[in-house]
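Notebook open, model loaded. I'll jot down what I look up as I go.

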Amino acid sequence: LLKLFKEWEANGGVHRGLQWCKLNYVHSRALTRAHDVRGQLIGIMEKYDMPALSTTRTHLLGRSIAESLYMNAARRGGKDTYETLADGRIVQVHPSSLLKPFDKDDWAELVVCLELVWTRNGMMRFVCGANAKWIMDLLPKIQSVDIQRLCGGQVALKPKGKDVGQAHARAEAAKKIDAKKEVKDVDDAKARFLARKLARQGK
């Protein structure tokens with residue numbers, strides 16, 4: 001999405017980017033809104049003398065998103081479901097999300113979302129994969145949030161699961177699964193390298 005935004009800016013942006021949006025089937029109003037929000041954030045940073053830096057390292061962008069939305073963090077549950085770290089509710093990724101996997105093994109172990117939509121099923125919209133270690137230090141704050149007070153007592157909370165109130169423990173579990181996946185990816189890469197090496201030697 002960041003690459004898309006930069007391409008839009010390079011091709012005219014707010015003033016002359018409409019034709020580029022039409023050619024690439026992109027919603028121009030959404031990009032204009034992103035441009036406005038970016039301008040607001042830069043204005044706030046300048047107000048408080050904070051440096052506005054540009055980076056090509058996408059993990060830094062992911063970390064800033066995760067730290068901002070840690071209250072909406074969720075760990076992977078069964079099949080296509082997630083469990084919110086804050087209150088243990090079962091939610092799903094909205095079908096329109098780019099995070100929807102191509103196969104069953106593509107799901108991220110930990111995600112954050114911009115908003116949770118509660119209909120018959122809880123749906124996460126605008127979802128981003130996250131690394132557990134990015135938000136571990138922030139999780140204790142989740143326990144201090146009074147949902148009833150925030151909602152003026154108008155929300156009926158569902159019965160809590162056995163590990164609700166243990167967001168840190170659930171995030172630790174997700175972190176361990178991520179670590180196992182990383183080890184498996186390295187092992188698979190080594191196996192592919194050795195297979196290619198043996199194939200070359202056989203020739």
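For burial I use relative accessible area: buried is under 20%, exposed is over 50%, and partly exposed is in between (1.4 Å probe, protein chains only). On that scale, buried residues make up 26% of the 203 residues in the chain.

Ground rules before I go on. This is a predicted model, where local features need pLDDT of at least 70 and side-chain atom pairs count only at pLDDT 80 or more, while totals for chains, interfaces and linings use all residues. Residues are numbered from 1 along each chain as its sequence is written, and side-chain values use heavy atoms, with hydrogens and water left out.

**Layout**

I took helices (H or I, at least four residues) and strands (E, at least two) as DSSP runs, numbered from the N terminus. That gives eight helices and five strands. I read the order from the N terminus as α-α-α-α-α-β-β-β-β-β-α-α-α.

**Strand pairing**

I call two strands paired if DSSP finds at least two bridges between them. β1 and β4 run antiparallel and are joined by three bridges. Looking up Arg 75, I find its bridge partner in β4 is Leu 110. β4 also pairs with β5, again antiparallel, over seven bridges. In that pairing Val 111 stands opposite Gly 129 of β5. A hairpin takes β4 into β5 through three residues.

**Salt bridges**

My criterion is a side-chain nitrogen of Lys or Arg within 4 Å of a carboxyl oxygen of Asp or Glu. How many salt bridges does a search of the whole structure find? Four. I wrote down three of them, as follows.

- Arg 75 meets Glu 83, N to O at 2.8 Å. Arg 75 counts as buried because its relative accessibility is 17%, and Glu 83 is buried too, at 12%.
- Arg 76 meets Glu 109 at 3.6 Å, N to O. This pair links distant parts of the chain, 33 residues apart: Arg 76 sits in strand β1 (residues 73-76), Glu 109 in the loop between β3 (90-93) and β4 (110-118). Arg 76 is partly exposed at 24%, whereas Glu 109 is buried at 6%.
- Arg 125 and Glu 115 have their closest N and O atoms 3.0 Å apart. They are 10 residues apart, Arg 125 in strand β5 (residues 122-129) and Glu 115 in β4. Arg 125 comes out partly exposed, with 30% relative accessible area, and Glu 115 is partly exposed at 29%.

**Aromatic pair**

I pair rings of Phe, Tyr and Trp (its six-membered ring) if their centres lie within 6.5 Å; planes under 30 degrees apart are stacked, over 60 edge-to-face, the rest tilted. The structure holds one such pair. The rings of Phe 5 and Trp 8 have centres 5.6 Å apart and planes at 45 degrees, so I file the pair as tilted. Why are Phe 5 and Trp 8 separated by about one helical turn? Because they are three residues apart in helix α1 (residues 2-10). Phe 5 and Trp 8 are both buried.

**Around α4**

After α4 comes Asp 49, with a positive phi near 55 degrees.

Next, surface patches: members need over 30% relative accessible area and no salt bridge, with like charges joined within 9 Å and nonpolar side chains (Val, Leu, Ile, Met, Phe, Trp, Tyr) within 5 Å. The areas are Shrake-Rupley values with a 1.4 Å probe, and for residues only the protein chains shown count as cover. Val 37, Leu 41, Ile 44, Tyr 48 and Met 50 form a nonpolar patch with about 480 Å² of accessible area together. Tyr 48 is in the loop between α4 (28-47) and α5 (58-68), exposed at 53%.

Most residues other than glycine have a negative phi. Tyr 25 has phi near 55 degrees; it is in the loop between α3 (18-23) and α4 and is exposed at 77%. Phe 126 also has a phi near 55 degrees, but it lies in strand β5, and it is exposed at 51%.
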